[in-house]
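Open the structure in your viewer and keep the selection tool ready. This tour moves from stop to stop and says what to pick at each one.

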Amino acid sequence: MENALLVGLSREATLERHMAVIANNLANVNTNGFKGDQTLFEEYLNSNAHEDNFLAPDRRVSYVQDRGTFHDFSQGSAERTSNPLDVAINGSAFLVVQAAGGERYTRDGGMHMNSTGQLVTASGEAVLGTGGPIVFQPTDHDITISQDGTITVLEGASRTDSIRGKLRLVNFTDMQKLSKEANNLYSAGAGINAQPDTKSTVQQGFVEKSNINSVVEMSRMIEINRSYTNIANMLAATHDLHKSAIEKLADVPA
């Protein structure tokens, strides 16, 4: 196959991957605590010609190779909800939740109390404190969450604060090794340990919004569409050129 076709096909494959990542970012523009992904591409040069009957070695051809994706963990804006159980994390920490597959991590601080009084995420996973799940009593009211994650309440007619737990905030040495899962959760692979985070703080009554800029993502999507169209036109022109060459060669007398 001609080099022009190979180069064009390699670029179309990476553009398709880039479009899928952008589409997922845009789909989660309103997901609390969502962190966008970005694509990584690199140049791939093919080896020189192996035959020894050329006057000079072939020039190396430059292709595009899909290297992978990386997470953008930049801070999203905080939005007031006035729900006393909601928290926005200021810093790079994660909340720890108990999911079906074990401990998982999230930046989504939209929380509520389930029917048994347990503090859970929007999708129902139990939010873990430093001492385990956080459970409220039926008579608890005036819930306060301090900046370090300590949760206090007034119980019944009491005027004395009672502590119900402290949000477990963790961080990772290499956050790029975290894997995204359903329900806006992250999992840590083997050998990746969560470390207590003492620098980050939480803000009660707020949630962190997605860090996706919809205008920027839409602009990228338009650029990809244009690039894909240009490459498709180039491949069509190359095909027509080959077709014309074959037809002319067929007319050459034997």
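Two strands pair if DSSP finds at least two bridges between them. Helices (H or I, at least four residues) and strands (E, at least two) are DSSP runs, numbered from the N terminus. This is a predicted model, in which local features need pLDDT of at least 70 and side-chain atom pairs count only at pLDDT 80 or more, while totals for chains, interfaces and linings use all residues. Residues are numbered from 1 along each chain as its sequence is written, and side-chain values use heavy atoms, with hydrogens and water left out.

**Stop 1**

Select strand E5 (94-99) and strand E6 (residues 102-106). E5 and E6 form a hairpin, with 2 residues between them. Their pairing is antiparallel and runs over 5 bridges. Now pick Ala-99. Opposite Ala-99 stands Gly-102 in E6. How many of the 5 residues of E6 are buried? The count is 4, so E6 is mostly covered. Buried means under 20% relative accessible area, exposed over 50%, partly exposed in between (1.4 Å probe, protein chains only).

**Stop 2: the whole protein**

Zoom out. The protein has 2 helices and 19 strands. Of its 254 residues, 38% are buried. The protein exposes about 14700 Å², and carbon and sulfur atoms supply 51% of that area. Accessible areas come from the Shrake-Rupley method with a 1.4 Å probe; for residues, only the protein chains shown count as cover. Take contacts between residues at least 6 apart in sequence: 65% of them join residues at least 24 apart. Contact means heavy atoms within 4.5 Å.

**Stop 3: the cores**

A nonpolar core is a set of buried Ala, Val, Leu, Ile, Met, Phe, Trp, Tyr and Cys residues joined through side-chain atoms within 4.5 Å. In soluble globular proteins, nonpolar side chains tend to be buried together. Select Val-87, Leu-95, Leu-119, Phe-136, Ile-151 and Leu-167: these have the most contacts inside the largest nonpolar core, which has 20 residues. Strands E4 (87-90), E5, E11 (140-145) and E12 (150-155) each give two or more residues to this core. Which strand gives the most? E5 does, with 3 residues.

Centre on Leu-119. Leaving aside neighbours within four places in sequence, Leu-119 is in contact with residues including Leu-85, Met-111, Val-127, Ile-134, Phe-136, Ile-151 and Leu-167. His-112 and Glu-125 are also among its contacts. Next, pick Phe-73, Phe-94, Val-96 and Met-175. They belong to a second, separate core of 10 residues.

**Stop 4: an open sheet**

Show E11, E12 and E13 (161-166). They make an open sheet of 3 strands in the order E11-E12-E13, with antiparallel pairing. E11 and E13 are the edge strands, and each pairs on one side only. Between E12 and E13 there are 5 bridges. Select Thr-150 to see Lys-166 of E13 opposite.

**Stop 5: salt bridges**

A salt bridge is a side-chain nitrogen of Lys or Arg within 4 Å of a carboxyl oxygen of Asp or Glu. The whole structure holds 10 of them. Start with Lys-35 and Glu-208, whose closest N and O atoms are 2.5 Å apart. Lys-35 sits in the loop between helix H1 (3-27) and strand E1 (37-45), and Glu-208 in strand E19 (residues 206-208), so the pair ties together parts that are 173 residues apart in sequence. Both Lys-35 and Glu-208 are buried.

Move to Arg-168 and Glu-103. Their salt bridge has its closest N and O atoms 2.8 Å apart. Arg-168 lies in the loop between E13 and strand E14 (169-171), and Glu-103 in E6, so parts 65 residues apart in sequence are tied together. Arg-168 is partly exposed, at 24% relative accessible area. Glu-103 is also partly exposed, at 30%.

Now select Arg-104 and Glu-181. They form a salt bridge, with the closest N and O atoms 2.8 Å apart. Arg-104 is in E6 and Glu-181 in strand E15 (residues 179-181), 77 residues apart. Is Arg-104 buried or exposed? Arg-104 counts as buried, at 14% relative accessibility. Glu-181 is partly exposed, at 35%.

**Stop 6: two loop residues**

Most residues other than glycine have a negative phi, and most peptide bonds are trans. Pick Ser-82, in the loop between strand E3 (78-80) and E4. Its phi is positive, near 65°. Ser-82 counts as exposed, at 57% relative accessibility. Finish at Asn-183, in the loop between E15 and strand E16 (185-187). Asn-183 has a positive phi of about 65°.
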